[in-house]
Each structure stands twice: as structure tokens, then as C-alpha cells.
Amino acid sequence: MSQATALAPAPAPAARPRGGGSEFAPLLRLVKGQGLLDHRPGWYARDVALTLLGFAAVAAGLLLAGPVWWTVLLAVPLALLSARAAFIAHDAGHSQVTADRRTGRAVQLVHANLLLGMSREWWNDKHNRHHAHPNHLDKDPDVAADVLVFAEHQTAGRTGLRGFLTRHQALLFFPLTTLEGLALKLYGVRALLAKDGPYRTRGERRTEGALLLLHFAGYAALLQTALTPVQALVFALVHQMLFGVHLGLAFAPNHKGMERPDEHEDGDSWGHLRRQVLTSRNIRGGALTDWFLGGLNYQVEHHLFPSMPRPHLRLAQPAVRAHCRALGVPYTETGFVDSYRQALGHLHEVGATLREERAGRPE
């Protein structure tokens, strides 16, 4: 057991910093003192090894069983393993896995590009902008108007298919998440081919492109070798749809319906602590919740300390909660089901204007 794991929660820091100091600094000192920002290479090595062994086991099962329909059931564990790979890639992108940047980059390239067909650099660029300005409609790409919208003014001018999606976005949310795994691949490839993509060097672009090609070629070759064409298509659909739903379950409740800095006159001047805490929602649960959601159920702690290793997030929670209480900053934490009720309730409310307009329109 590591030193950080063995430490008991420390008492809350002082209620307010004196002399107009940072609200975050006392909490940062406390967390550092507990060793919760120290890396856990052994923990991640075990997680990576189990994930890679799982992928190998599914591939072996497909090849050994041959073209029989029951092998489509292996798409279920493969979807779970794909989500595990996504969580590891996410953590590596935040330097949670290791302090060594080259090693972290290699870990992320393997899990994002090679195993998932998702561009590492595209994801990092998008996700870092989200972390810098969570839930800010003008600055956070995760709440920009797209298939879904997150604020009433974003519904203006949405007609046809987009209007239909917005009117019913709460009901359609989980069906739409079945496309998330494919969307991540598509957006990454599009960024790779774009002249103004996030890639800093030609070498980065070539490396990512080569690994994406290896992923698509290897995935297609495995399914075509082990299954009939129809079975391969069904397997791929089940795998990608379940993977998308899993990601949707992990990401959906984190910020939707929470405070938006752009709604407040002083929102752009919020310090790091308020910007991250007021826009984030935690989900209560035990070890199974931590595993299934990849630690993203500690969204407040993750946003405050993006480089904190995943197994330390639960250990940091008592100090973060107490510090927020001492400052009078709302700390939002809810149950698994209620978190989705709140998130979907917000999406339903946003679409109300379009529903009312359509209801009042003469035939």
C-alpha cells in the first residue's frame, strides 16, 4: 500500500485565505502534503496489463471459435475493454500515468490510436480546452452547439432534422450515444487530414496516421478472418454501439445542468477552484462505480487536480468537500440514477422552446 493510500483524510484548511489569496492554494498544499499527486506507476502498469490481456483474450476467442453466431457475444467484453482503454488514454493525456512525457505519450498512442482508432492529439486539444473553461458556451468545445445543444439561445434557427433532435434530445440522448465510438474515430481522422489540425509536427501527424491505419486494418482483418461478412458487421455494430453507450454513461452527468460561467457577469474572473467546482457534478458509489466510470465519478476532484492518479481521487474527496464547505462553495454530489435524471432534465428543458413553438404552429 502506498503512503498516499494509507493516509487518513486531513482536516479542512482555513475557511478563507487572508489578504485576497487564492482559494485553491491551501487545498493544493494539503493534497500535496498527503502525497495524492504522486504517481502510481505500479497501479497503472497492472491496469494496462489487464486491459491488453483482455483484448488479446477476445481476439483469441474470436479466432478459436470461428464463424459461429455466439461469438458475437464477445462484442460485450470488447466494449468494456474499449472503455478501459479510453480511460487509460484519458489519464495518460493528463500525465496521471507517469511524469515522463515520452512514456505517457506512448501509453496514450497505444490505447487511443492503436486500440480505439481515436486520434490522441485531437482528443488532447479538445479536452484541454474543456478543462480550461468547463461549461463555458463560448470556450468549452464540449458544450458547443452540435447534435445536442445546452442552452436555450443555441436552439435558435434549428429546423428540420436538427430541430427534431433538439426538441427530443433528452429522449434521444442514449440512442445517440451508440454513435459516440464511431464519432470519436471520425473526428480524429478529420482532424488528421485537416491543414489546420492540432498536430505540431509532420512526425506527429505521420505517427498518429500510421497507428490509426493499423487499428482499422487490424480490426477489419480480425473480424473478416474469424467471422462471416454478416457476422463481422453485426459484431462491429454491437461492439461500437455498446462502447459508445458506455462512454456516454461515463461523460453525460459530469457537467450538464451545472453552472455556466458565461451566465454570470463575473464568470470569466472565477478562480480555478470555483470555475472547476461549480461546473462539475460527482456521482456517489463504491468500487464498482469507480471501475465502471473510470474515476470520472470524481469529476470535481479530477477537474481541480487533472494530473492526480485515478486511485487517489477517492482519497482526496473528503478534503475537497470539507474545503468547499468551509468556503461556502457548493459541492455537488448525487446518486448514479439521479445524476442522469438531472443531466437529461436539463437537456429536456433546453428543448422546451422549440417544442412550444411547434405546438403553437398552425397546421
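## A loop residue and the packing beyond

Author: Asn135 sits in the loop between helix 6 (120-132) and helix 7. The model is a predicted one, in which local features need pLDDT of at least 70, side-chain atom pairs count only at pLDDT 80 or more, and totals for chains, interfaces and linings use all residues. Residues are numbered from 1 along each chain as its sequence is written, and side-chain values use heavy atoms, leaving out hydrogens and water. Helices are DSSP runs of H or I with at least four residues, numbered from the N terminus.

Asn135 has a relative accessible area of 4% and is therefore buried; buried means under 20%, exposed over 50% and partly exposed in between, with a 1.4 Å probe and protein chains only. Phi of Asn135 is near 65°, a positive value in a residue other than glycine. Most residues other than glycine have a negative phi. Ser95 is also not a glycine and has a positive phi of about 60°. It lies in the loop between helix 4 (75-93) and helix 5 (101-116). At 38% relative accessibility, Ser95 is partly exposed.

Gln276, in helix 12 (residues 272-277), is buried because its relative accessible area is 2%. Leaving aside residues up to four places away in sequence, Gln276 touches His131, Pro134, His303 and Leu304, where contact means heavy atoms within 4.5 Å. With one of these, the side chain of Gln276 makes a polar contact, reaching the backbone oxygen of His131 at 3.0 Å. A polar contact is a pair of N or O atoms within 3.5 Å; within protein, one must be able to donate a hydrogen and the other to accept it, and residues adjacent in sequence count only if both atoms are side-chain atoms.

His312 belongs to the loop between helix 14 (299-304) and helix 15 (313-327) and is buried at 1% relative accessibility. A polar atom of the His312 side chain lies 2.9 Å from the backbone oxygen of Leu36.

His239 lies in helix 11 and counts as buried at 4% relative accessibility. Its side chain makes polar contacts with the side chain of Ser82 at 2.9 Å and with that of Gln240 at 3.4 Å. Beyond four places in sequence, His239 touches Ala75, Leu78, Ala79, Ser82 and Tyr219.

In helix 8 (residues 169-177), the buried residues are Gln169, Ala170, Phe173 and Thr177. They fall within an arc of 85° seen down the axis, so they line one face of helix 8; the arc is that of the directions from the helix axis to the C-beta atoms.

The axes of helix 3 (residues 41-65) and helix 10 (residues 202-226) come within 8 Å and cross at roughly 30°. Helix 3 and helix 10 are therefore roughly parallel, the word used for angles under 35 degrees. Axes are lines fitted to C-alpha atoms, for helices over the stretch in contact, and angles run from 0 to 180 degrees between N-to-C directions. Ala59, Leu62 and Leu63 of helix 3 meet Leu222, Leu223, Thr225 and Ala226 of helix 10.

Conventions
Helices (H or I, at least four residues) and strands (E, at least two) are DSSP runs, numbered from the N terminus. Angles under 35 degrees count as roughly parallel, over 145 as roughly antiparallel, 65 to 115 as roughly perpendicular and the rest as oblique.
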